[in-house]
Amino acid sequence: EYTFPGGTTNFLDGAFQMGRVMQTNEFVEGENASGEPIDSYRAAFLRFGWQTDGSRDWHHLYNFPAYGLALYGLDYGNTEELGNPTSLYGFFAWPMGTWGRTSLNADIGFGLTTNWEAYDRDDNPYNTAMGLGRSVHIDFGANVEYRLAEHWAGSLGFSVTHFSNGGTRAPNSGMNQIGPYLKVKYKFDDWVRPVRRTEFGPFQPEWDLNVTLSGGTRSINHNVSEIAPEIDHVIEDYFMGNLVTTAGYRTGLRSRWVAGLDIGYNESADDVAWLAAAKEGENIEPSESDRWELGVVGGYEQIVHRTVILIQLGYTLVYNDVDGALPAFYQRLGIHYDVHAGWHLGLNVRMSDFSRAQNLEWGLGKRFGL
């Protein structure tokens, strides 16, 4: 028999953060209007959350986690070139351990950022980090929280944050940062912690089949200076599509391992091939068949009730391997939400080199039991 505090409770917390900007592109290293590195930042966030109460199995699986929405503001001290970035994102806080009034928590955040001052050839020519006024916000961190009083708690933590438009608009070097923060939480209800249950009845490992159709755009900054010096470069947008079919083996209530095939449609492939040939003094006829690609993928999925966080590694076996083509080895980080009867909606970031975003994938999928 387990007692619950009478339903999911709410809280409000806020934090201030100062940290370091990772020097991952020439713009932040000092190739900007000021000629100085952009190496520090200040940020603040306000979060409204729901604290789980133990009334469902997944609450116990994750040691009574919290989830909610956050508003995040950021200052790099360079408003002219980077603007005033503001994010709205969802978060998930997972208590990794609790000792009396103290808890160690892992935090994950995923959402969207706006108010970037984007690259502009005439007005903002140095900003190769952000080619669009909007981006994805991805955040990982941890904190130690201490309950100060009946409704109050304080915590000290750190987070690693990545901003990128996912290759939707070039240039897109992105912004990466890490820093500590100090946070204060106010809980609206009594601080009641139910008894954690660790047994959930028999679990039978199972296989399933997942089919996901996704699409997005990729922006490429073509360097045409060798064949058209008067133009120098051309930015073009292309459609990217994927049909990913994976077999999954669920090894536990929280875990699934997957492997399968990735059929891709890359609208940029024939233009990239034509440009590569033109730089060699050749003139080829672009072929739409160059746009089709075939790869293999494998990865891991973390299951949180109806939400799934996926991490995949992929390798393209069939594609037009020319100068400027996407690397054969790629990575996929994403999240999807099960809507009904195995149907799910999702958003992925496809990357290379574990850091360079190639494009966003907005997807619709269906999972079938085997």
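Let's begin with a pair of charged side chains: Glu301 and Arg367 form a salt bridge in this predicted model, with their closest N and O atoms 3.5 Å apart. Glu301 lies in strand E12 (residues 292–304) and Arg367 in strand E16 (residues 356–369), so the pair ties together parts that are 66 residues apart in sequence. Glu301 has a relative accessibility of 2% and counts as buried. Arg367 is buried too, with a relative accessible area of 14%.

## The other salt bridges

How many salt bridges does the structure hold? There are 15. Three of them are set out here.

| Pair | N to O distance |
|---|---|
| Glu301 and Arg367 | 3.5 Å |
| Arg47 and Asp13 | 3.1 Å |
| Asp39 and Arg20 | 3.6 Å |

Take the bridge between the side chains of Arg47 and Asp13. Arg47 sits in strand E2 (residues 40–51) and Asp13 in strand E1 (residues 9–21), so this pair connects parts of the chain 34 residues apart in sequence. Both Arg47 and Asp13 are buried.

Next come Asp39 and Arg20, whose side chains also meet in a salt bridge. This pair links distant parts of the chain: Asp39 is in the loop between helix H1 (26–29) and E2, while Arg20 is in strand E1, 19 residues away. Asp39 counts as partly exposed, at 28% relative accessibility.

## The barrel

Which strands close into it, and in what order? Eight strands do so, in the order E9-E10-E11-E12-E13-E14-E15-E16, with antiparallel pairing. From one strand to the next, the twist averages 25°.

On one side, E10 and E11 run antiparallel and are joined by 11 bridges. These two strands form a hairpin with four residues between them, and Thr246 stands opposite Gly260 in E11. E11 also pairs with E12, again in the antiparallel sense and over 11 bridges. Here Asp262 stands opposite Gly295 in E12, and Ser255 faces Gln302 in E12.

Is Asn266 buried or exposed? Its relative accessible area is 4%, and the cut-off for buried is under 20%, so Asn266 counts as buried. The side chain of Asn266 is joined to that of Ser268 by a polar contact of 2.6 Å. Leaving out residues up to four places away in sequence, Asn266 touches Phe239, Met240, Arg291, Glu293 and Leu326.

## A helix across the strands

Helix H4 (residues 269–279) comes next. H4 lies across E9, strand E10 (233–250) and E11, and runs at about 40° to E9. Why can H4 be described as largely enclosed by the rest of the structure? Eight of its 11 residues are buried, so most of the helix is covered. The buried residues are Ala269, Asp270, Val272, Ala273, Leu275, Ala276, Ala277 and Ala278. Among the elements that cover them are strand E9 (206–223) and strand E11 (255–266). Just after H4, Gly281 takes a positive phi of about 80°.

## Nonpolar cores

In soluble globular proteins, nonpolar side chains tend to be buried together. In this model, the largest nonpolar core has 24 residues. Which residues have the most contacts inside this core? They are Tyr72, Leu74, Tyr76, Trp116, Phe163 and Met175. At least two core residues each come from E1, H1, E2, strand E3 (66–75), strand E4 (83–99) and strand E8 (175–187). E3 gives the most, with four residues.

Setting aside its neighbours within four places in sequence, Trp116 is in contact with several residues, including Leu74, Tyr76, Phe163 and Met175. Its contacts also include Leu82, Pro85, Met130 and Leu132.

A second, separate core has eight residues, among them Val136, Leu347, Val349 and Met351.

Key
Residues are numbered from 1 along each chain as its sequence is written. This is a predicted model: local features need pLDDT of at least 70, side-chain atom pairs count only at pLDDT 80 or more; totals for chains, interfaces and linings use all residues. Side-chain values use heavy atoms; hydrogens and water are left out. Buried means under 20% relative accessible area, exposed over 50%, partly exposed in between (1.4 Å probe, protein chains only). Contact means heavy atoms within 4.5 Å. A polar contact is a pair of N or O atoms within 3.5 Å; within protein, one must be able to donate a hydrogen and the other to accept it, and residues adjacent in sequence count only if both atoms are side-chain atoms. A salt bridge is a side-chain nitrogen of Lys or Arg within 4 Å of a carboxyl oxygen of Asp or Glu. Two strands pair if DSSP finds at least two bridges between them. Axes are lines fitted to C-alpha atoms, for helices over the stretch in contact, and angles run from 0 to 180 degrees between N-to-C directions. A nonpolar core is a set of buried Ala, Val, Leu, Ile, Met, Phe, Trp, Tyr and Cys residues joined through side-chain atoms within 4.5 Å.
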